[in-house]
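Hi,

Here is the structure I promised to pass on. Have a look at it first, and then read my notes below.

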Amino acid sequence: MMKELQELVRPNIWKLKPYSSARDEYKGVAASVFLDANESPFNDTYNRYPDPLQLELKQKLERVKGVPESQIFLGNGSDEAIDLVFRVFCEPYVDNVVAIAPTYGMYEVCADINGVEYRPVLLNDSFDLSADDLLAATDEHTKVIFLCSPNNPTGNDLNRNEVVRVLENFSGIVVVDEAYSEFSQQRPFREDLSKYPNLIVLNTFSKAWGCAGIRLGMAFASKCIIDLFNKVKYPYNVNLLTQQYALDILKKWRTVNDRVGILLKERSHVIRAFSELTFCESVYPTQANFFLAKVIDADSIYSFLVQKGIIVRNRNKIVRCGNCLRITIGTPEENKALMDVLHQYSNI
Ligand code: PMP
């Protein structure tokens with residue numbers, strides 16, 4: 001059973017009176033002269049502040065994602081939503097968060113920035129979680145548990161039943177980061193928002209949607225949690241160019257789907273070829289647009305690739321990822337370039 005939301009939110013945030021922007025104060029009037037926000041009257045289109053709550057974009061997303069507009073938060077990448085989770089729920093030097101390990105590095109960085117204790121709980125040998133281990137790491141000051149599925153850097157989906165056990169047995173907030181869910185066959189957790197009032201799901205435009213450059217991330221949660229995020233975020237956190245581009249890209253969902261299909265096919269080709277390399281010890285199962293591979297000497301392969309102008313992610317120093325490289329699936333040409341260089345490495 002989730003605690004009352006008020007018990008989980010930092011008291012200063014609960015009682016915060018948010019900044020009210022000039023445009024918040026008039027509503028429903030067909031105005032045509034705007035002299036309220038100290039904007040320039042010139043350079044029409046970009047002279048005005050963007051919609052602080054990105055309503056048009058959220059209405060489109062409601063259809064694409066099947067989540068009501070009032071339960072969507074948009075931010076400067078999902079990294080903004082991750083940071084907001086700390087700023088809304090975690091009292092510095094008092095509260096803590098629990099997370100799986102290894103996982104996406106920003107949860108820990110944001111914890112450190114916000115003065116919040118970070119408690120990593122190791123995944124098992126198949127990179128899956130034990131709900132019992134995670135729950136055992138919590139105490140009365142644990143506000144949030146971070147899960148990531150498919151997980152970065154391991155690539156696998158977390159076991160859905162275990163995630164559900166965490167959701168059902170933890171009285172605080174559970175973040176399920178589904179940045180890579182478009183590449184996975186698993187049913188996304190945003191479809192279960194109405195079952196779990198303590199659930200926050202993260203999605204992004206940076207991966208399958210191919211728009212890392214516009215910096216646009218999404219959080220889906222109960223309306224009460226989204227209202228808290230909106231209260232704390234910068235007033236105009238998503239700029240106008242980003243909002244416009246996102247509206248365009250949403251119309252191209254067919255192309256985006258096709259590209260996901262291409263990447264999934266490429267993923268199986270690359271994995272098959274990579275597994276046959278003499279220095280490959282194993283390629284771990286993946287449901288994302290990348291794979292994690294254990295090799296004989298990750299540092300040396302990494303440096304060889306860098307010299308040849310190919311950059312992959314060396315995860316050798318990450319817990320449970322000794323001698324592992326994380327490799328993103330590129331275009332067919334890029335993947336071929338990778339494999340050519342890896343064959344050269346095998347032959348020296
Ligand atoms: N979550 C995960 C699991 C990620 O791997 C990343 C980016 N690598 C992010 C969130 C951040 O994405 P964004 O570009 O939306 O900030």
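Pro 285 is exposed, with a relative accessible area of 61% (exposed means over 50%, buried under 20%, and partly exposed in between, with a 1.4 Å probe and protein chains only). You'll find Pro 285 in the loop that links strand 8 (280–283) and strand 9 (290–295). Helices (H or I, at least four residues) and strands (E, at least two) are DSSP runs, numbered from the N terminus. In space, Pro 285 is 5.9 Å from Asn 156, C-alpha to C-alpha, though 129 residues separate the two in sequence.

Before you go further: this is a predicted model, in which local features need pLDDT of at least 70 and side-chain atom pairs count only at pLDDT 80 or more, while totals for chains, interfaces and linings use all residues. Residues are numbered from 1 along each chain as its sequence is written, and side-chain values use heavy atoms, with hydrogens and water left out.

Now to strand 4 (residues 142–148). Seven of its seven residues are buried, so the rest of the structure largely encloses this strand. Strand 4 pairs with strand 2 (residues 96–101) in the parallel sense, over four bridges (a pair needs at least two bridges found by DSSP). Here Ala 99 sits opposite Phe 146 of strand 4. Strand 5 (residues 173–177) is also paired with strand 4 in the parallel sense, over five bridges, and Val 174 in strand 5 is the bridge partner of Ile 145. Between strand 4 and strand 5 the chain passes through helix 7 (residues 160–169), in a right-handed β-α-β crossover (clockwise from the first strand over the helix to the second, with the strands pointing away from the viewer).

Lys 143 is buried, at 10% relative accessible area, and a polar atom of its side chain lies 3.0 Å from the backbone oxygen of Leu 8.

Last, the ligand. There are 13 residues around it, and Ser 78, Asp 177, Tyr 180, Thr 204 and Ser 206 come nearest (near means a heavy atom within 4 Å). The shell comprises four nonpolar, five polar and four charged residues. A backbone N or O atom of Ser 78 is 2.7 Å from a ligand oxygen. In the side chain of Lys 207, an N or O atom lies 3.0 Å from a nitrogen of the ligand, and one in the side chain of Arg 215 lies 2.8 Å from an oxygen of the ligand. The ligand taken alone exposes 400 Å², and the protein buries 91% of that (Shrake-Rupley method, 1.4 Å probe).

Cheers

Note on methods:
A polar contact is a pair of N or O atoms within 3.5 Å; within protein, one must be able to donate a hydrogen and the other to accept it, and residues adjacent in sequence count only if both atoms are side-chain atoms. Ala, Val, Leu, Ile, Met, Phe, Trp, Tyr, Cys and Pro count as nonpolar, Asp, Glu, Lys and Arg as charged, and the others, Gly among them, as polar.
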